[in-house]
Amino acid sequence: MNENKLSKRLEIVASYVKKGSVVADIGSDHAYLPIFLLQNNIAIKAVAGEVNKGPLLSAKAQVERCHLENEIKVKLGDGLDVLKDEVDVDTVTIAGMGGPLISQILENGKHMLQHVNRLILQPNIAADAIRKWFLIEGWCLLSETIIEEDGHIYEILVAEKGDAKTPYSDEIEKELWLGPYLLKENSTPFIQKWKKEYEQLEKIASQINESHSTSKALLEKKKSVGLKMNWLREVLQ
């Protein structure tokens, strides 16, 4: 992967950036995505944010090599702190982290999102943590994509400010976990992912059943595992 040829997951992230956007890419990894967006006339300006100096220097070197120092700011900062004084940023991308970490970054920096109208997020795991954050904070999930790349399954979520309940039915718990749009599409990567998850839940259920504990925590876990297995049986049948 480089600034000319992105990974499949980052290509999909890029495809959700509106033409003419000003983008902040958090955890930018050599600034490949911002450079691609500028070179392909998708974004007009960008911020590449890094929390550590090593990746920051790599991103700066890459931006300079591409002669984009005037269009891309490379900034050191924790999460959305790099949005300070960047009132033109209207789109935030975060890719390649766990869902809980991405949702924590959003929560810690939500006061920095007042000028942002689009979030494009690619969690490696636990996308449901992000959907729950959207629901609480008033971001409407607009689109979801699921892909397989190099043996891994990735989800890409896109949201804008709006009615956060729009994509959900009365089965909201199930849809938060599986993804309301992905559930309807029922694609091959989606089935692959949840078949594997079902097998893991079967093992957990077996361990719970072998335990002689009657603790409240274990009974709650048994109930949760059973509910998720029922959902997946409906999906995978």
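A126 is partly exposed, with a relative accessible area of 29%; buried means under 20% relative accessible area, exposed over 50%, and partly exposed in between, using a 1.4 Å probe on protein chains only. This is a predicted model, in which local features need pLDDT of at least 70 and side-chain atom pairs count only at pLDDT 80 or more, while totals for chains, interfaces and linings use all residues. Residues are numbered from 1 along each chain as its sequence is written, and side-chain values use heavy atoms, with hydrogens and water left out.

To find A126 on the model, look in the loop between β5 (118-123) and α5 (128-137). Helices (H or I, at least four residues) and strands (E, at least two) are DSSP runs, numbered from the N terminus. W177 belongs to helix α6 (residues 172-178) and is buried, with a relative accessible area of 10%.

## Positive phi angles

Which value does phi take in A126? The angle is positive, about 50°, although A126 is not a glycine. Most residues other than glycine have a negative phi.

N41 is another residue to look at: its phi is near 55°, again a positive value in a residue other than glycine. N41 sits in the loop between α2 (32-39) and β2 (43-50), and N41 is exposed, with a relative accessible area of 54%. D150 takes a positive phi near 55° as well, in the hairpin of β6 and β7, where two residues lie between the strands.

## The seven-stranded sheet

Seven strands build an open sheet with mixed pairing, in the order β3-β2-β1-β4-β5-β7-β6. Two strands count as paired if DSSP finds at least two bridges between them. At the edges are β3 (72-76) and β6, each of which pairs on one side only. From one strand to the next, the twist averages 15°; axes here are lines fitted to C-alpha atoms, for helices over the stretch in contact, and angles run from 0 to 180 degrees between N-to-C directions.

Strand β1 (residues 21-26) and strand β4 (residues 91-97) pair in the parallel sense over four bridges, and D25 stands opposite T93 in β4. Strand β7 (residues 152-161) is mostly covered, with seven of its 10 residues buried. Four bridges join β7 to β5, and these two strands run antiparallel; R118 has E160 in β7 as its bridge partner. Strand β6 (residues 139-149) is also antiparallel to β7, with 10 bridges joining them, and E148 has I153 in β7 as its bridge partner.

## Two domains

How far apart do the C-alpha centres of domain 1 and domain 2 lie? They are 33 Å apart. The domain assignment of the protein chain gives domain 1 as 8-168 and domain 2 as 190-236; such bounds come from an automatic or database domain assignment.

## The largest pocket

The largest pocket has a volume of about 530 Å³. On a 1 Å grid over the protein atoms alone, a cavity is a set of points where a 1.4 Å probe fits but cannot get out, and a pocket is an open set with protein on both sides within 12 Å along at least five of seven lines; lining residues have an atom within 4 Å of a point. Grid points are joined across faces, edges and corners, and a volume is the space filled by probe spheres set on the points.

Of the 20 residues lining the largest pocket, N124, I125, I153, K193 and E197 are the closest to its centre. The elements giving two or more residues to this lining are α5, β7 and α8 (188-210), and α8 gives the most, with six residues. Each of domain 1 and domain 2 supplies at least three residues. By class, the lining has eight nonpolar, five polar and seven charged residues; Ala, Val, Leu, Ile, Met, Phe, Trp, Tyr, Cys and Pro count as nonpolar, Asp, Glu, Lys and Arg as charged, and the others, Gly among them, as polar.

## The second largest pocket

About 230 Å³ of space lies in the second largest pocket. Its lining has 17 residues, with V51, D78, G79, L80 and I105 nearest the centre. β2 and α4 (99-108) are the elements that give two or more residues to the lining of this pocket; α4 gives the most, with four. The lining divides into six nonpolar, eight polar and three charged residues.
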